[in-house]
Each structure stands twice: as C-alpha cells, then as structure tokens.
Amino acid sequence: MGQEYSHMNLWALSSILRCESDLPLQIYKIYEEKYVNQFLAPFEINEDDFVEILDSLQLYYADKDICEDIFHLLDVRSRAISNVRDVCLSLTPLVAKSIPHMYSMCFEILDRKKDMMVGKDQVVLMLKLLSATCANVGDKPLAPEVIDDYVNSLYTSAGLIDGNIYYPDYIETLSIHPIIQLFLSPQFQGILTSKLMTDEQIDQLHKLDFEGT
C-alpha cells in the first residue's frame, strides 16, 4: 500500500514484505491447479498442502510466516485446515500496490466462473475479511453495519438491490467511496505512533514481569 497510508499498522507490515504484489493470486492459482481435495469442503486446504504451496513459491521466511499466521487465524476449529480463498483474500491488503489493485485481486479470486461477475454476498464476505485483516494487525476495522451500508451504496449506484454485478465497472467506485476514504484516514485510524508502546511502557511491563517472578 502507498505511503499515504503510513499512519496504519497495515502499511508498516506491508512495507517489510518482500513477496510479489500478486502473491494471493499465485497461491490461489496453484491451489486450483494441484490441491483441490475431493475429501474436503470447497476451498478447504490442509496445512501441509498450504505450506507446500508457499515453499514452491520460494518466499522469504518472514513472508511465509505471515501467510501461515493468516492460515492459523482462519483455522477457527484448530483442525490444521483453512479456507484458501479466505486466506488469499485476507492477504491482499498486505501486498497490494493500491486500493484498486487490492479490489482487483479480490474479485479475481472470487470469480470462479471467470465471467467477471460477483454476487452481493461475495462482496460482503470480501469486505469482512479485509476488515478483519486490519483488526488483526492492530488497525480499526469497519463495523458490520458500515460494511452493509458500503455494499448497499455500491448496488444502489448500479441500479440494483441484489444479484450479480460486472465488477470491473465498480472497482473505482469502491476505491474512492467516502466510507473507504474515511476508514483509511488518520482521523479514523489514528496515527501509527499512538498505537505502539513507548519505551517507558515497555520498561514498565518488564518491571511488572520482574516483580511477578
């Protein structure tokens, strides 16, 4: 993500990643080609296969570690099985070059039929996962009701209430929408330094640890 989002933890984390900006698409493509498992539910992948995909991409250790962390966060039942589509969607804000690039990758992942159409429920799912990624790195997430307003506004602009939309026509609309602009702003997110512990706070924690031993 660009320097304009340097007030966010998301930017701080993305700035140290050295993988290619289309990493989520690479992972998803390999999954579709080699790892669809008839014994698992749609999009499910076990941890060994997921790690094998990451190894095949020859990622730096830190990049691989973050991918595995997201896998584990989405493995809510602790079965060493996660939803590869959701993992890839969750990765996009960490590697995308821009907001439009992020949405473009997300829609490509969601577009199983390759017809450039997505449904309303898919857009809601996408935004919830992107918001969760922000929360997981310490930024403020979008409230569920705000996500609903965001999607309803998109569909209103398309003259629809529900159904599928041709997503290439709406990437820019999503990217410049007032809700996403406010969400990404310093006024909403705060500044990065306010989210981090000061040296004094760290010393106090060390002191408490020492006193508790």
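What follows covers a helix pairing and some aromatic pairs. Keep in mind that this is a predicted model. Two helices, helix 4 and helix 5, pack against each other at an angle of about 130°, and a search of the whole structure turns up 4 aromatic pairs.

**Helix 4 against helix 5**

- Helix 4 covers residues 61–74 and helix 5 covers residues 84–95, and their axes sit 10 Å apart.
- At that angle of about 130°, the two helices are oblique to each other.
- The crossing of helix 4 past helix 5 is right-handed.
- On the helix 4 side, the contact is made by Ile66, Cys67, Ile70, Phe71 and Leu74, while helix 5 brings in Asp86, Val87, Ser90, Leu91 and Leu94.
- Sort those contact residues by type and you get 8 nonpolar, 1 polar and 1 charged.

**Aromatic pairs**

- Among the 4 aromatic pairs is a tilted one between tyrosine 28 and tyrosine 31, at 5.9 Å centre to centre with 35° between the planes.
- Both of these tyrosines lie in helix 2 (residues 23–35), 3 residues apart, or about one turn of the helix.
- Tyrosine 28 and tyrosine 31 are both buried.
- Phenylalanine 107 and tyrosine 167 make a stacked pair, 5.0 Å centre to centre and 20° between the planes.
- That pair links distant parts of the chain, 60 residues apart: phenylalanine 107 is in helix 6 (residues 99–110), and tyrosine 167 is in the loop between strand 4 (164–166) and helix 9 (171–176).
- Phenylalanine 107 counts as buried because its relative accessibility is 0%, and tyrosine 167 counts as buried at 8%.

Note on methods: Residues are numbered from 1 along each chain as its sequence is written. This is a predicted model: local features need pLDDT of at least 70, side-chain atom pairs count only at pLDDT 80 or more; totals for chains, interfaces and linings use all residues. Side-chain values use heavy atoms; hydrogens and water are left out. Axes are lines fitted to C-alpha atoms, for helices over the stretch in contact, and angles run from 0 to 180 degrees between N-to-C directions. Helices (H or I, at least four residues) and strands (E, at least two) are DSSP runs, numbered from the N terminus. Angles under 35 degrees count as roughly parallel, over 145 as roughly antiparallel, 65 to 115 as roughly perpendicular and the rest as oblique. A crossing is left-handed if the near helix is turned anticlockwise from the far one by less than a right angle, and right-handed if clockwise. Contact means heavy atoms within 4.5 Å. Ala, Val, Leu, Ile, Met, Phe, Trp, Tyr, Cys and Pro count as nonpolar, Asp, Glu, Lys and Arg as charged, and the others, Gly among them, as polar. Rings of Phe, Tyr and Trp (its six-membered ring) pair if their centres lie within 6.5 Å; planes under 30 degrees apart count as stacked, over 60 as edge-to-face and the rest as tilted. Buried means under 20% relative accessible area, exposed over 50%, partly exposed in between (1.4 Å probe, protein chains only).
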